[in-house]
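Colleague: I have a model open and want to read its side-chain packing. Could you take me through the features in turn?

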Amino acid sequence: MFGIVKSFIKGLQKPEHSLILKEEKFEIRKYPAAKWVSTAVKGMSHKDASSEAFRRLFKYIQGENEKKVTIEMTVPVTIKVEPGEGPACETTFTESFYIPVEHQENPPAPTNTNVFIETRPELTVYVGTFGGFGDDEKWIYHGKLLSDAIGDETKFHSDYYYTVGYDAPFKLIGRTNEIWFVKKEN
């Protein structure tokens, strides 16, 4: 636990991105292709799935990998949310930590079969930002605000979205959360 506290105090590595457009209610960013360590959990609750997924990923960066190396915590923590078919179906939550630059070329393989290295392609995303703690209702509410601000659902993939967090769970004030919708390429 001390390692994560230390990491959040000294500042964390994040993936590079380019700001394409900044509007009053959202911005558009482009992220280059990069490797992330990920795990998927099916469930009905974002919070419950995120807790289980975070534990798996945290064990990976604490040495539960083939090289048994500790990897620095990074931000943001992203969760790709793929809603199930119908109102009472499970959603797939794929939580990911960005692999630090020094491990991008050759990240250690996970030893937990539920954890995998994902090469995420270049992404252009619409980004909505909000503070406080995210919960199931807030993610949906802020997703609706972002969708309304963009104004045209044909501009982004609407069958999934990302919830994005930048802060340790013990940070109470000045938190940053984001909703990402992946822009459709024309």
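Modeller: Start with a charge over a ring: NZ of Lys or CZ of Arg within 6 Å of the ring centre and within 35 degrees of the ring normal. Here Arg 120 lies over the face of Trp 36, at 3.9 Å from the ring centre. Lys 80 lies over the face of Tyr 160, at 4.4 Å from the ring centre. This is a predicted model: local features need pLDDT of at least 70, side-chain atom pairs count only at pLDDT 80 or more, and totals for chains, interfaces and linings use all residues. Residues are numbered from 1 along each chain as its sequence is written, and side-chain values use heavy atoms, with hydrogens and water left out.

Colleague: How many aromatic pairs does the structure hold?

Modeller: Rings of Phe, Tyr and Trp (its six-membered ring) pair if their centres lie within 6.5 Å; planes under 30 degrees apart count as stacked, over 60 as edge-to-face and the rest as tilted. The structure holds 11 such pairs. Take Trp 36 and Tyr 98: the ring centres are 5.5 Å apart and the planes at 70 degrees, so this pair is edge-to-face. It links distant parts of the chain, with Trp 36 in strand β3 (residues 34–43) and Tyr 98 in strand β5 (residues 91–98), 62 residues apart. Helices (H or I, at least four residues) and strands (E, at least two) are DSSP runs, numbered from the N terminus.

Colleague: Are Trp 36 and Tyr 98 buried or exposed?

Modeller: Buried means under 20% relative accessible area, exposed over 50%, partly exposed in between (1.4 Å probe, protein chains only). Trp 36 and Tyr 98 are both buried. Phe 130 and Trp 139 also make an edge-to-face pair, because their ring centres are 5.3 Å apart and their planes at 75 degrees. Phe 130 is buried at 7% relative accessibility.

Colleague: Which residues have the most contacts inside the largest nonpolar core?

Modeller: A nonpolar core is a set of buried Ala, Val, Leu, Ile, Met, Phe, Trp, Tyr and Cys residues joined through side-chain atoms within 4.5 Å. The largest has 23 residues; those with the most contacts inside it are Val 37, Tyr 60, Ile 61, Phe 97, Val 125, Tyr 162 and Trp 180. Helix α2 (46–61) is one of the elements that supply at least two residues, and α2 gives the most, with 4 residues.
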